[in-house]
Amino acid sequence: MNIRQLYYSLIIIACTSHTALRTAALDFGQLVAQSPNLNAAFTTNVLQSSTPVVVKFFMKGCGPCNLMGPIFDKAADLLNGKVTLIGINLKLYPSVSSRYGIRSAPTFIYFKNGVEVNRHIGPNNKNTGQRWTPATLADNILSVFGL
């Protein structure tokens, strides 16, 4: 599997150490294989996570999604393990996206202690109208979670 295929499948991006910056990208399909089903994998990795989680719902070939992909990945590095970032391909996992009423891509849902605490849609900051950068996205994530 090449990097592009891995990115367009369901990916978990998490900094695995608070002291040394290491980003691990895992194929969510492998996590699903270790769980009884997709719902169990989502519950374990998002709803029962000990750290806050941001889930990015995206589609392959979506212009705004492609724009946000690298920004989302770089924001993971800046967050240094304080927040887990997960990308879910809408076409590969429609049951998860329909559960949360996703109608547009990209959509970002912020979860803390298994509860949705914030949501934004599209590549622009809804407060400023400006495009996200890795730094502004990371700062927004931290402020939403009070970190």
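Let's start with F108, which is buried, with a relative accessible area of 1%. Buried here means under 20% relative accessible area, exposed means over 50%, and partly exposed is in between, using a 1.4 Å probe and protein chains only. Before I go on, please keep in mind that this is a predicted model: local features need pLDDT of at least 70, side-chain atom pairs count only at pLDDT 80 or more, and totals for chains, interfaces and linings use all residues. Residues are numbered from 1 along each chain as its sequence is written, and side-chain values use heavy atoms, with hydrogens and water left out.

Now, back to the rings. How many aromatic pairs does a search of the whole structure find? The search finds five. Rings of Phe, Tyr and Trp (for Trp, its six-membered ring) pair if their centres lie within 6.5 Å; planes under 30 degrees apart count as stacked, over 60 as edge-to-face and the rest as tilted. F108 pairs with F72 in a tilted arrangement, 5.8 Å centre to centre and with 45 degrees between the planes. F72 sits in helix α4 (residues 63-79) and F108 in strand β5 (residues 107-112), so this pair ties together parts that are 36 residues apart in sequence. Helices (H or I, at least four residues) and strands (E, at least two) are DSSP runs, numbered from the N terminus. F72 is buried too, with a relative accessible area of 1%.

Another pair is made by Y110 and F145, which is tilted, at 5.8 Å centre to centre and 45 degrees between the planes. Y110 belongs to strand β5 and F145 to helix α6 (residues 134-145), so the pair ties together parts that are 35 residues apart in sequence. Y110 counts as buried at 0% relative accessibility, and F145 is buried at 3%. Elsewhere, F42, Y100 and F111 form one aromatic cluster.

One more ring deserves a stop. The charged end of K56 sits over the ring of F58, 4.9 Å from its centre. The rule there is that NZ of Lys or CZ of Arg is within 6 Å of the ring centre and within 35 degrees of the ring normal.

Let's zoom out to the cores. A nonpolar core is a set of buried Ala, Val, Leu, Ile, Met, Phe, Trp, Tyr and Cys residues joined through side-chain atoms within 4.5 Å. The largest one has 17 residues, and V54, L79, V83, L85, Y110, L137 and I141 touch the most other members. Three elements, α4, β5 and α6, each supply at least two residues of this core. Which element gives the largest share? That is α4, with six residues. Apart from this core lies another, of 15 residues, among them L38, F42, I86 and V96.

Not counting residues up to four places away in sequence, L137 touches M68, I71, F72, A75, Y110, H120 and W132, where contact means heavy atoms within 4.5 Å.

As for the whole protein, the secondary structure comes to six helices and six strands. From the N terminus on, the elements run α-β-β-α-α-β-α-β-α-β-β-α. Buried residues make up 47% of the 147 residues. Among contacts between residues at least 6 apart in sequence, 64% join residues at least 24 apart.

Leaving aside neighbours within four places in sequence, K112 is in contact with V117 and F145. The C-alpha atoms of K112 and T51 are separated by 7.3 Å, although these residues are 61 apart along the chain.

The loops on either side have something to show as well. Most residues other than glycine have a negative phi, and most peptide bonds are trans. A cis peptide bond joins A105 and P106, with omega about -5 degrees, and P106 lies in the loop between α5 (94-99) and β5. N113, in the loop between β5 and β6 (115-121), has a positive phi near 55 degrees. Is N113 buried or exposed? At 65% relative accessibility, N113 counts as exposed.

Last stop: the side chains of E116 and R119 meet in a salt bridge, 2.9 Å from N to O. That term means a side-chain nitrogen of Lys or Arg within 4 Å of a carboxyl oxygen of Asp or Glu. Both partners are partly exposed, E116 at 33% and R119 at 25%.
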